[in-house]
Amino acid sequence: MPESAMFLTGEHQMPFAMFIRLLAVLAMLAFALPAARAAENEIIRIGDTLSLILPGEDSLTGDFPVDRKGAIALPEIGPVRIAGMPLEEAAEMVRHRLSVAFRDVARLTMRLKERKLFVAVAGQVRKPGTLELPGDATVEVAIAEAGGINAGAQLDRLKLIRGDREIGF
């Protein structure tokens, strides 16, 4: 089809290339909107970094890491434990706690900026210990970050333990 071909849309005509671009934008929006809604319901985990913005309050505009106790440290009020909560529920709790020391906290926005994992690697690796990894890291990444496997390691006895669940490989 020639590039100058026109595509009919009801009573109007539109160049074919423009129609394809419009379809591409609509497809991106169709995928982006559910992802944005899903992010609102993300469960906050230890190691996450949250971005907070409260217009007019420089001390509450920036990145706040969720510490190993599951809390973020906020100016004037101290630590607020939010790990395990959905993002929107945590934002409401933070607004409530901030309302004691700040005005107009309804304008506070909070989003998940970065996700990290804290994992403990033990056994026959070169550098056993606790590691901080990207949120999408795999078992292979954890082993590599721990310096790799020692000679003589029994790979048929590898275990992943999360909470009270144990998965053998």
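How many helices and strands does the protein have? The protein has three helices and 11 strands. Helices (H or I, at least four residues) and strands (E, at least two) are DSSP runs, numbered from the N terminus. This is a predicted model: local features need pLDDT of at least 70, side-chain atom pairs count only at pLDDT 80 or more, and totals for chains, interfaces and linings use all residues. Residues are numbered from 1 along each chain as its sequence is written, and side-chain values use heavy atoms, with hydrogens and water left out.

**Overall build and confidence**

- Along the sequence, the pattern reads β-β-α-β-β-β-β-α-β-β-β-α-β-β.
- Of the 169 residues, 25% count as buried. Buried means under 20% relative accessible area, exposed means over 50%, and partly exposed is in between (1.4 Å probe, protein chains only).
- The accessible surface comes to about 11700 Å², and 57% of it belongs to carbon and sulfur atoms. Accessible areas come from the Shrake-Rupley method with a 1.4 Å probe; for residues, only the protein chains shown count as cover.
- The average pLDDT is 82, and 76% of the residues score at least 70. pLDDT is the predictor's confidence in each residue, from 0 to 100.
- Over residues 33-39 the pLDDT is below 50. Where pLDDT is low, the predicted coordinates should not be read in detail.

**Nonpolar cores**

- The largest nonpolar core has 23 residues. Such a core is a set of buried Ala, Val, Leu, Ile, Met, Phe, Trp, Tyr and Cys residues joined through side-chain atoms within 4.5 Å.
- Those with the most contacts inside this core include Leu50, Ile72, Val94 and Met110.
- β3, β5 (71-74) and α2 (87-98) each give two or more residues to this core. Helix α2 gives the most, with five residues.
- Beyond its neighbours within four places in sequence, Val94 is in contact with Leu52, Ile72, Leu74, Val80, Ile82, Leu108 and Met110. Contact means heavy atoms within 4.5 Å.
- Another core, of six residues, lies apart from the largest one. Leu131, Leu133, Ala142 and Ala146 are among its members.

**Salt bridges**

- The structure holds seven salt bridges. Each is a side-chain nitrogen of Lys or Arg within 4 Å of a carboxyl oxygen of Asp or Glu.
- Arg115 pairs with Glu42, with the closest N and O atoms 3.1 Å apart. Arg115 lies in the loop between β7 (109-114) and β8 (116-121) and Glu42 in the loop between α1 (16-40) and β3, so the pair ties together parts that are 73 residues apart in sequence.
- Asp63 and Lys113 also meet in a salt bridge (2.5 Å, N to O). Asp63 is in strand β4 (residues 62-65) and Lys113 in strand β7, so this pair links parts that are 50 residues apart in sequence.
- Glu166 forms a salt bridge with Lys159, with the closest N and O atoms 3.6 Å apart. Glu166 counts as exposed because its relative accessibility is 52%.
- Salt bridges that share partners join Glu42, Asp48 and Arg115 into one network.

**One buried serine**

- Ser51 sits in strand β3 (residues 49-53). Ser51 counts as buried because its relative accessibility is 11%.
- Not counting residues up to four places away in sequence, Ser51 touches Gly62, Asp63, Thr109, Met110, Arg111 and Lys113.
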